[in-house]
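Please keep the sequence and the model in view while going through the points.

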Amino acid sequence: MKSAVTTVITAADAAGRFPNLSDFEAVKASFARAAARMQAAEKLAAGIDNVTADALNAVYKGGKYDQTTRDKCARDIHHYLRLINYCLVVGGTGPLDEWGIAGIREVFRTLGIPTTAYIEAFAYIRSRVCVPRDMDQQAADEFKALLDYVINALS
Amino acid sequence: MLDAFSRAVVSADAKGVCLGSAELAALRRHVADANIRIDATNAISQNISCIAADAVSGMVCENAGMTQPGGNCYPTRRMAACLRDGEIILRYVSYALLAGDPSVLDDRCLNGLKETYLALGVPIKSAVRAVTIMKAATVAIITDTNSGPSAFKDVSGKGSDCKGIAAEAASYFDRVISSLS
């Protein structure tokens with residue numbers, strides 16, 4: 001799975017060399033960001049149900065979407081937020097890529113699911129992250145970068 | 001391939017839950033010890049031939065018939081293959097140590113290694129002996145208790161800081177040994 005460390009090791013293995021100083025620098029750089037990432041992951045884990053409910057209300061209150069899809073939409077938003085929690089922990093987009101994004105276009109197209117609801121929900125969550133009420137600036141940056149990544153993948 | 005972080009993520013995903021404070025506490029300790037881990041991996045990277053080539057030489061010295069006609073390290077082509085294998089195993093151990101998880105060693109090195117050695121007629125006992133010497137040398141270099149050049153020259157107390165990580169490195173060599181035997 002793609003994370004900060006495994007990316008380095010994959011490159012070293014492809015070249016058949018031992019980890020060298022620039023590899024160590026890359027690993028160190030990812031560990032330097034780890035505290036912020038883990039703070040974001042921890043806050044998200046603690047508030048995931050509230051964040052989901054909040055985003056869901058914002059999306060469905062306009063009456064643009066069929067209310068019968070509400071539960072399924074909640075489940076999916078929760079699912080993506082959980083994958084973002086994982087990405088924050090590993091420091092790479094591996095969990096989202098492998099478990100959330102691979103094949104997602106095909107699934108949505110086949111089932112006729114409008115992705116705009118999800119995009120609205122994640123954009124709403126992105127706009128609602130408040131520094132320093134929710135988390136530190138750096139943690140919020142890491143979290144928002146991953147929300148953007150999901151939004152891009154769904155657009 | 002997994003590292004300590006993705007290992008935690010995979011087990012959380014199996015349960016369908018987020019990683020909360022409890023799981024993150026263990027990972028935060030991992031982050032706090034990152035420099036020790038990097039120093040230990042660096043100690044291996046800087047002593048490759050001291051660990052790998054010497055281990056294979058040591059194995060041959062204990063069994064001098066190996067380099068004679070009819071021995072498993074005769075002719076030099078086979079000795080070269082043996083030296084190369086020692087280095088490859090050490091390389092995957094160094095990856096596992098850096099990642100903090102043995103999956104890279106299992107997936108990319110040990111999977112099928114025993115079968116390959118049996119098919120090629122490599123004596124498993126001697127291979128295990130070479131890995132055992134590599135393990136001892138690696139632990140000595142990481143903890144700075146070796147008699148040769150110091151990995152942490154002029155840095156006081158560095159070797160003793162690395163005792164815990166040396167035990168982890170030893171466990172990866174044990175993994176190689178148990179998968180071969």
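**Note on the two chains and their contact**

1. The secondary structure of chain A comes to 7 helices and 0 strands; here helices (H or I, at least four residues) and strands (E, at least two) are DSSP runs, numbered from the N terminus. From the N terminus on, the order of elements in chain A is α-α-α-α-α-α-α. The C-alpha trace of chain A spans about 55 × 40 × 20 Å along its principal axes.

2. This is a predicted model, in which local features need pLDDT of at least 70, side-chain atom pairs count only at pLDDT 80 or more, and totals for chains, interfaces and linings use all residues. Residues are numbered from 1 along each chain as its sequence is written, chains are lettered from A and ligands numbered from 1 in the order in which they are written, and side-chain values use heavy atoms, with hydrogens and water left out.

3. Chain B has 10 helices and 0 strands, in the pattern α-α-α-α-α-α-α-α-α-α along the sequence. Its C-alpha trace spans about 60 × 45 × 20 Å along the principal axes.

4. How many residues of chain A are in contact with chain B? There are 31 residues of chain A in contact with 38 residues of chain B, where contact means heavy atoms within 4.5 Å. The area buried between the two chains is about 3,100 Å², and carbon and sulfur atoms give 72% of it. Buried area is the accessible area (1.4 Å probe) that two parts lose on being put together, summed over both. In chain A, the residues that lose the most area to chain B are A:F18, A:F31 and A:M38, together 23% of what that side buries.

5. Between chain A and chain B, 16 residue pairs are in polar contact (both at pLDDT 80 or more). A polar contact is a pair of N or O atoms within 3.5 Å; within protein, one must be able to donate a hydrogen and the other to accept it, and residues adjacent in sequence count only if both atoms are side-chain atoms. On the side of chain A that touches chain B, α1 (4–15), α2, α3 (70–90) and α4 (94–101) each supply at least two residues. The most comes from α2(A), with 12 residues.

6. Helix α2 (residues 21–60) of chain A packs against helix α3 (residues 34–45) of chain B at an angle of about 170 degrees, with axes 11 Å apart. Axes are lines fitted to C-alpha atoms, for helices over the stretch in contact, and angles run from 0 to 180 degrees between N-to-C directions. The two helices are therefore roughly antiparallel to each other, a term for angles over 145 degrees. Among the residues that meet are A:F24 and A:F31 in α2(A), and B:I38 and B:T41 in α3(B).

7. There are 4 salt bridges between chain A and chain B, a salt bridge being a side-chain nitrogen of Lys or Arg within 4 Å of a carboxyl oxygen of Asp or Glu. B:R108 and A:D13 meet in a salt bridge (2.7 Å, N to O). B:R28 forms a salt bridge with A:E42, with the closest N and O atoms 2.8 Å apart.

8. The bond from A:V131 to A:P132 is cis, with omega near 0 degrees, and A:P132 is in the loop between α6 (116–128) and α7 (137–154) of chain A. The bond from B:Y74 to B:P75 is also cis, with omega near 0 degrees.

Conventions:
Angles under 35 degrees count as roughly parallel, over 145 as roughly antiparallel, 65 to 115 as roughly perpendicular and the rest as oblique.
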